[in-house]
Amino acid sequence: MKFGGTSVGTPQRMKEVTQLVTKSGEPVFVVLSAMSGTTNSLVEISDYLYKKNPDGANEVINMLERKYERHVQELYATEEYAQQTRDFLREEFQYLRSFTKELFTSFEEKSIVAQGEIISTNMVVNYMREQGISAVLLNALDFMRTDKNAEPDPVYIKEKLAYVMEQNDEAQVYVTQGFICRNAYGEIDNLQRGGSDYTASLVGAALNAEEIQIWTDIDGMHNNDPRIVDKTQPVHQLQFEEAAELAYFGAKILHPTCVQPAKYAGIPVRLLNTMQPDAEGTTISNQTEYGKIKAVAAKDNITAIKIKSSRMLLATGFLRKVFEIFESYQTPIDMVCTSEVGVSMSIDNSAHLGEIMDELKKYGTVTVDTGMCIICVVGDLDWSNIGFETRVMDAMKDVPVRMISYGGSNYNISFLIREEDKRRALQSLSDHLFN
């Protein structure tokens with residue numbers, strides 16, 4: 001069971017999480033994020049230290065310490081556990097202050113940012129013990145590790161986690177930190193933003209868990225963006241590939257990479273709502289619901305680049321040269337469409353757009369469209385499902401479309417449109433496909 005920052009964002013929420021965790025009576029492994037807002041404060045502290053402003057850093061540290069002092073008063077009923085937590089927090093904040101006296105690098109920043117999860121897990125485990133629950137805190141830094149490519153090391157994780165679990169085999173609830181890990185050199189590091197989901201998926205796969213539950217403040221993945229579109233519904237079942245497409249193209253509830261370990265281990269992932277624990281949520285598994293279009297997502301801030309070249313006609317190596325330019329500037333490509341005289345691509349990172357254009361001009365005429373948006377329709381879109389793409393196209397008939405991508409996977413049709421047409425396109429797709 002993984003709980004995000006809003007799920008442990010207040011003392012009251014921490015109490016509700018404790019009830020959810022112990023409800024089944026079965027042994028449970030719990031992954032917790034930092035309390036909402038804490039990681040941002042820790043990043044702000046680091047920012048002041050990079051800028052050699054220790055006073056600014058200390059001010060944010062003091063503000064954060066006062067906030068946690070209030071949380072302690074609300075969370076614990078007994079003086080024993082309140083004092084225990086105060087002593088722990090005093091050490092934590094002294095540790096944060098120690099960085100204001102030394103040279104500051106990205107290594108120190110990662111150590112500072114890791115403290116959010118360390119604080120939340122300690123507070124929750126102390127509360128569980130106060131409630132008479134057999135809970136044990138496992139330090140994620142003892143078993144979560146990435147390799148030299150900054151990718152999780154599943155063999156190491158499985159081995160170390162098995163050893164740590166053996167030492168504590170009597171507990172009912174095991175709690176660890178999401179997001180944080182050590183790198184291949186033993187330094188404190190992290191799995192990037194969204195990394196708590198990744199931790200849960202890696203731990204679930206290592207333990208061969210029955211199920212991985214991601215608890216957030218939304219009742220599962222919706223079939224469209226509820227902030228923009230009327231009458232959206234939670235999608236009750238998704239295949240792993242469908243979920244990854246939706247996550248990549250804008251469904252913020254899930255980090256695109258985090259479900260991979262669960263997918264390979266064949267363990268279902270359920271997205272559930274802490275605020276509505278009885279809601280069905282979304283189950284993601286290797287099962288496909290055949291013949292169904294499931295959901296629509298949108299990704300903003302897209303730039304389209306078109307290279308037109310008469311020399312391209314039948315020229316071998318042309319596409320390789322084009323892609324190598326994007327690779328050299330570490331700029332991933334979202335969509336690609338080719339014709340005999342040109343190629344169009346979309347990117348979502350325009351940091352090196354100027355340099356990329358300069359290089360592309362060696363091979364043809366380059367045009368750029370900014371302020372674009374990718375609309376992605378996900379479901380069982382195998383080409384044998386006759387007429388499915390027509391239904392989707394019909395919904396888009398009044399929207400100007402710059403590019404279409406179909407056939408790259410069996411689960412996705414994507415459209416590149418102007419950002420100002422996004423709301424109209426999403427609403428029309430909902431009306432045609434779901435309502």
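In this predicted model, five aromatic pairs are counted, taking rings whose centres lie within 6.5 Å as paired. One of them joins Phe 29 and Tyr 174, with ring centres 6.2 Å apart and an angle of 15° between the planes. Planes under 30 degrees apart count as stacked, and this pair is stacked. Phe 29 and Tyr 174 are both buried.

Tyr 95 and Phe 99 make another kind of pair. Their ring centres are 5.0 Å apart and their planes meet at 80°, so the pair is edge-to-face, the term used for angles over 60 degrees. The partners can also be described by accessibility. Phe 99 has a relative accessibility of 7% and therefore counts as buried, since the limit for buried is under 20%. Tyr 95, at 33% relative accessible area, is partly exposed.

Aromatic rings also take part in contacts with arginine. The charged end of Arg 145 sits over the ring of Tyr 156, at 3.9 Å from the ring centre. Arg 391 lies over the face of Phe 388, and here the distance to the ring centre is 5.5 Å.

A last point concerns Ala 297, which is found in strand S11 (residues 293-308). Its relative accessibility is 7%, so Ala 297 counts as buried. Val 377 is 80 residues away from Ala 297 along the chain, yet the C-alpha atoms of the two are separated by 6.7 Å.

Methods
Residues numbered from 1 in each chain as written. Predicted model: local features only at pLDDT ≥ 70, side-chain atom pairs only at ≥ 80, totals over all residues. Heavy atoms only, no water. Phe/Tyr/Trp six-rings, centres within 6.5 Å; stacked < 30°, edge-to-face > 60°. Buried < 20%, exposed > 50% of the residue type's maximum accessible area, 1.4 Å probe, protein only. Lys NZ or Arg CZ within 6 Å of the ring centre and 35° of its normal. Helix = DSSP H or I, 4+ residues; strand = E, 2+ residues; numbered from the N terminus.
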